[in-house]
Amino acid sequence: EAPFFVKATSQALRDWATRMMESVSLPVALACHRTLTSTDCRPDLAEIDRPVLIIQGDKDASMPLAITGELTNKHIARSRISIYEGAPHGLPFTHTNRLIQDIITQAQ
């Protein structure tokens, strides 16, 4: 299950997500990882002057909440964070309805 799914995630969805991730070439995956782990976005975050909703699961093993979502929330003046208890990284797969509703509510 962790870090992307929950017990209720269907095997078909798990298989599709796995195939999608495996279809990324190694050079692209490595470049993405390098960018994500070496880029300091804090100066850019301070420049955001719009309302921002940060949504993250507290069981996200690949992007731990304490060093991603919570820190991002601190660096954007008009942000708020919505933490999904027990949720992993793959919120579109595991918390689809709640995620859609939160996005719609934020947009109104």
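Leu 65 sits in the loop between strand 1 and helix 4. I'll come back to that loop. And a caution: this is a predicted model.

Now the overall picture. The protein has six helices and two strands. Read from the N terminus, the order is α-α-α-β-α-β-α-α. The C-alpha trace spans about 40 × 35 × 25 Å along its principal axes. There are 108 residues, and 23% of them are buried. Look at the contacts with a separation of 6 or more. Of those, 65% are between residues 24 or more positions apart.

Is Leu 65 buried or exposed? Leu 65 counts as buried, because its relative accessibility is 10% and the cut-off for buried is under 20%. What does Leu 65 touch, beyond its neighbours within four places in sequence? The list is Gln 56, Gly 57, Asp 58, Asp 60, Glu 70, Ile 81 and Ile 83. His 89 is 24 residues away from Leu 65 in sequence, and their C-alpha atoms are 9.8 Å apart.

Asp 60 is in that list, so let's go there, since contact here means heavy atoms within 4.5 Å. Asp 60 lies in the loop between strand 1, residues 52–57, and helix 4, residues 69–75. Asp 60 is buried, yet has no salt bridge. The nearest side chain of opposite charge belongs to Lys 59, 12 Å away. What does the side chain of Asp 60 reach at 3.2 Å? The backbone nitrogen of Ser 62. There is also a polar contact of 2.8 Å between the side chains of Asp 60 and His 89. Setting aside neighbours within four places in sequence, Asp 60 is in contact with Leu 65, Ala 87, Pro 88 and His 89.

Next, the salt bridges. How many does the structure hold? Three.

One pairs Arg 42 with Asp 40, with the closest N and O atoms 2.7 Å apart. Arg 42 is partly exposed, at 46% relative accessible area. Asp 40 is partly exposed too, at 43%.

Another pairs Asp 49 with Arg 50, closest N and O atoms 2.9 Å apart. Asp 49 counts as partly exposed, at 44% relative accessibility. Arg 50 counts as exposed, at 52%.

Then there is Arg 98 with Asp 102, at 3.9 Å, N to O. That counts because the cut-off is 4 Å. Both residues lie in helix 6, four residues apart, about one turn of the helix. Arg 98 is partly exposed, with 38% relative accessibility. Asp 102 is buried, at 19%.

Stay in helix 6 for a moment. The helix covers residues 96–107, and Ala 107 belongs to it. Ala 107 counts as exposed, at 68% relative accessibility. Val 52 is 55 residues from Ala 107 in sequence, but their C-alpha atoms are 9.7 Å apart in space.

On to helix 2, residues 26–38. How does its span check out? At 1.5 Å a residue, 13 residues should span 18 Å, and the end C-alpha atoms are 18 Å apart, which agrees. And how many of its 13 residues are buried? Zero, so helix 2 lies largely in the open.

Last, the cysteines. The structure holds zero disulfides. Cys 32 is in no disulfide, and the nearest cysteine sulfur, in Cys 41, is 12 Å away. Cys 32 is partly exposed, at 42% relative accessible area. Cys 41 also counts as partly exposed, at 38%.

That's the tour. Over to you.

Notes:
Residues are numbered from 1 along each chain as its sequence is written. This is a predicted model: local features need pLDDT of at least 70, side-chain atom pairs count only at pLDDT 80 or more; totals for chains, interfaces and linings use all residues. Side-chain values use heavy atoms; hydrogens and water are left out. The expected span of a helix is 1.5 Å times one less than its number of residues. Buried means under 20% relative accessible area, exposed over 50%, partly exposed in between (1.4 Å probe, protein chains only). A disulfide is a pair of cysteine sulfur atoms within 2.5 Å. Lys and Arg count as positive and Asp and Glu as negative; His and the chain ends are not counted. A polar contact is a pair of N or O atoms within 3.5 Å; within protein, one must be able to donate a hydrogen and the other to accept it, and residues adjacent in sequence count only if both atoms are side-chain atoms.
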